[in-house]
Structures are given as structure tokens and as C-alpha cells.
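Dear colleague,

Please read the notes with the model open beside them.

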Amino acid sequence: MDGQARRSPDSDRQARAIRLGPRSIAVLALVSATGVAAFGWPLLADTASGLAHSKDAPWLFAALLPLLLAVVAATIADTGLDAKAIAMLGVLAAAGAALRPLGAGTAGIEPMFFLMVLSGRVLGPGFGFVLGSVSMFASALLTGGVGPWMPFQMLAMGWVAMGAGLLPGPDRLRGRGELVLLAAYGAVASLLYGTIMNLQGWPYIGSLATGVSFVPGDPLPENLARFVAYCLATSLGWDVPRAIVTVTATLALGPTVLKALRRATRRAAFDAPVRFGDAETGAK
């Protein structure tokens with residue numbers, strides 16, 4: 001008993017994130033480039049373009065799904081990702097989808113953000129990107145929030161979880177320092193998520209004819225200045241509470257959730273090499 005008491009708890013041992021191989025990096029770069037183009041092209045469009053995300057969103061969604069599958073396939077090719085990791089992806093995506101309706105987006109209260117940040121931290125950027133995208137897709141089906149904005153939400157949430165996986169010190173930073181890092185990242189990511197999603201819809205409110213509307217064909221600096229004014233005037237009241245909820249949940253629940261995720265990752269042994277032994281030796 002004394003020996004067991006002196007033994008360091010299983011939850012204190014480090015768990016390695018699912019590593020990001022060259023194939024995964026290439027596919028994630030392609031997905032992210034597609035997302036940047038999808039969000040940002042209206043800023044460079046001329047007055048006669050006449051296009052809206054309600055028309056191009058189905059095409060983006062059709063391109064996004066095979067790219068997400070490509071991320072999973074590339075991760076499997078790089079790391080030998082097995083059924084246990086896919087099962088964990090499903091469980092975490094279901095948990096994220098279940099958390100989202102708790103606040104119903106009211107005043108920016110979206111508790112799923114802290115889970116995406118913590119999961120991306122433990123399981124790595126590639127796994128995190130797929131988790132964020134799939135969680136947003138599942139939550140849209142659950143809440144009836146399917147629309148032209150959905151593929152953009154999937155991309156933005158994927159970036160949130162992927163960014164958490166890219167934070168420094170995944171193998172050595174623990175305790176309060178890690179929680180502070182994750183809380184700070186969660187606050188910034190929550191604000192940036194709202195800003196990016198504003199960019200998805202803002203170019204198409206020109207009919208309001210206000211000083212914060214997008215003007216097709218105007219110089220990029222002028223439109224960006226209007227965009228900043230638009231964010232401050234419309235979405236800041238949602239983005240700041242989202243950041244506060246994410247920080248609070250991370251600091252309050254972070255130690256427990258991180259410990260559970262790392263324990264599950266160790267027991268699943270995602271990166272354990274496969275060894276074949278002699279049958280006769282094993283029999284002995």
C-alpha cells in the first residue's frame with residue numbers, strides 16, 4: 001500500500017499528442033488556404049461580381065467534406081491512427097455538439113469553445129481541426145442551424161481547435177502556467193472567431209447604406225476600416241461574453257478535463273508502435 005501511495009498518479013504522466021506528419025501538414029495547408037479564399041475573396045471582388053455566400057456556400061461545403069476526409073486519411077497515413085482515435089473523435093464531437101445548445105448563442109454564451117481548445121491542446125492540431133469542424137457540423141444538425149454560414153463555421157471552429165494544438169510546450173508545460181496559456185488563447189480565439197464570421201456576412205449588407213457597410217470596388221484599406229467599425233458596432237457584445245465564458249470554463253474545468261483527455265490518450269496508446277512477438281515465447 002505504501003508503495004502504491006508513493007507512486008505518481010497515472011494522470012500526472014505526460015501524454016503525447018497525435019503528431020502532425022508531412023501529409024497532414026500539406027492537407028491542412030490546402031484546407032486553410034481554401035478557407036482564407038472563401039472568407040476573403042469578396043474584399044477583392046469588383047462591383048459587378050454580384051455573388052453572395054448563399055450561392056457559393058454549397059460549393060464550399062462540397063469541397064470541405066472531402067478535404068476533411070483527406071485530413072483524416074493523411075493523419076492515418078502519417079501516424080497509423082486507429083479505430084480508438086476515430087471513436088474518441090466521435091465522442092468529443094458529440095460532447096461539443098451537446099454543449100453548444102446550452103447557451104444557444106445567447107449573448108455569446110457558447111461553452112463548446114473551451115472543450116475545443118482543451119481537446120486541440122491534448123490531441124494535436126490535425127485532430128483538433130477535424131474535431132472542431134465535425135463538432136460544428138453536428139451541432140448545426142442538432143440545433144437546426146444549417147444554412148450558408150455552416151461551412152464557414154466549420155472552418156472557423158477547426159482553426160480554433162487547430163491553433164490550440166499549435167501552442168508551445170505541449171510536452172513540458174503543466175499546471176497553472178498551461179491553464180493561463182490556454183485561457184489567454186481561448187479569449188483571443190473567441191474574439192477572432194466572431195471577427196472571422198463577421199467577414200462571412202458583412203459584404204452582403206450593403207443595402208443598409210450605412211457607414212459600416214461593404215462597398216464593392218472601394219480600396220481595401222477603406223473597406224477594412226468599415227469592417228472594424230462594423231465589428232465594434234454589432235458583434236462585440238457577443239464576442240466579449242464568449243471570451244469570458246471560455247476563460248472561466250478553462251480555468252474552472254481545465255484541470256479535470258485535461259487530466260481526463262490525457263488519461264484517455266495514454267490508454268488508447270495512439271502512438272504506440274506495433275510489435276510482433278514469437279508465438280512460442282509468448283506461450284511461455
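Does glutamate 178 count as buried or exposed? At 2% relative accessibility, glutamate 178 counts as buried, where buried means under 20% relative accessible area, exposed over 50% and partly exposed in between, with a 1.4 Å probe and protein chains only.

Before the rest, some notes on conventions. This is a predicted model, in which local features need pLDDT of at least 70 and side-chain atom pairs count only at pLDDT 80 or more, while totals for chains, interfaces and linings use all residues. Residues are numbered from 1 along each chain as its sequence is written, and side-chain values use heavy atoms, with hydrogens and water left out.

Overall architecture

The protein has eleven helices and zero strands, these being DSSP runs numbered from the N terminus (H or I and at least four residues for helices, E and at least two for strands). Of its 284 residues, 45% count as buried. The protein exposes about 14,000 Å², of which carbon and sulfur atoms supply 68%; accessible areas come from the Shrake-Rupley method with a 1.4 Å probe, and for residues only the protein chains shown count as cover. Among the contacts with a separation of 6 or more, 82% are made by residues 24 or more positions apart, a contact meaning heavy atoms within 4.5 Å.

Salt bridges

The structure holds seven salt bridges, each defined as a side-chain nitrogen of Lys or Arg within 4 Å of a carboxyl oxygen of Asp or Glu. Glutamate 178 takes part in a salt bridge with arginine 174 at 4.0 Å, N to O, and in another with arginine 262 at 2.5 Å, N to O. Because arginine 262 lies in helix H10 and glutamate 178 in helix H8, the latter pair ties together parts that are 84 residues apart in sequence. Arginine 262 is buried, with a relative accessible area of 6%, whereas arginine 174 is partly exposed at 26%.

Glutamate 110 and arginine 242 also meet through their side chains in a salt bridge (2.8 Å, N to O). This pair links distant parts of the chain, with glutamate 110 in the loop between H4 and H5 and arginine 242 in helix H10, 132 residues apart. Glutamate 110 is buried at 7% relative accessibility, and arginine 242 is buried at 6%. Salt bridges that share partners join Arg100, Glu110, Asp239 and Arg242 into one network.

Aromatic pairs

The structure holds three aromatic pairs, for which rings of Phe, Tyr and Trp (its six-membered ring) must have their centres within 6.5 Å, with planes under 30 degrees apart counted as stacked, over 60 as edge-to-face and the rest as tilted. Phenylalanine 39 and phenylalanine 152 form an edge-to-face pair, 5.1 Å centre to centre and with 70° between the planes. Phenylalanine 39 lies in helix H2 (residues 22-44) and phenylalanine 152 in helix H7 (residues 150-165), so the pair ties together parts that are 113 residues apart in sequence. Both of these phenylalanines are buried, and Phe39, Phe152 and Trp159 form one aromatic cluster.

The rings of phenylalanine 113 and tyrosine 193 have their centres 5.0 Å apart and their planes at 80°, so this pair is edge-to-face. Phenylalanine 113 sits in helix H5 (residues 112-123) and tyrosine 193 in helix H8 (residues 176-201), 80 residues apart. Phenylalanine 113 is buried at 0% relative accessible area, and tyrosine 193 is buried at 4%.

The nonpolar core

Which residues touch the most other members of the largest nonpolar core? Of its 56 residues, they are Phe127, Met157 and Tyr193, a nonpolar core being a set of buried Ala, Val, Leu, Ile, Met, Phe, Trp, Tyr and Cys residues joined through side-chain atoms within 4.5 Å. The largest share of this core, eleven residues, comes from H7.

Leaving aside neighbours within four places in sequence, tyrosine 193 is in contact with residues including Phe113, Met157, Val160 and Arg242. Valine 160 lies in helix H7 and is buried, with a relative accessible area of 5%. With neighbours within four places in sequence again left aside, valine 160 is in contact with Phe113, Val117, Tyr185, Ala189 and Tyr193.

With best regards
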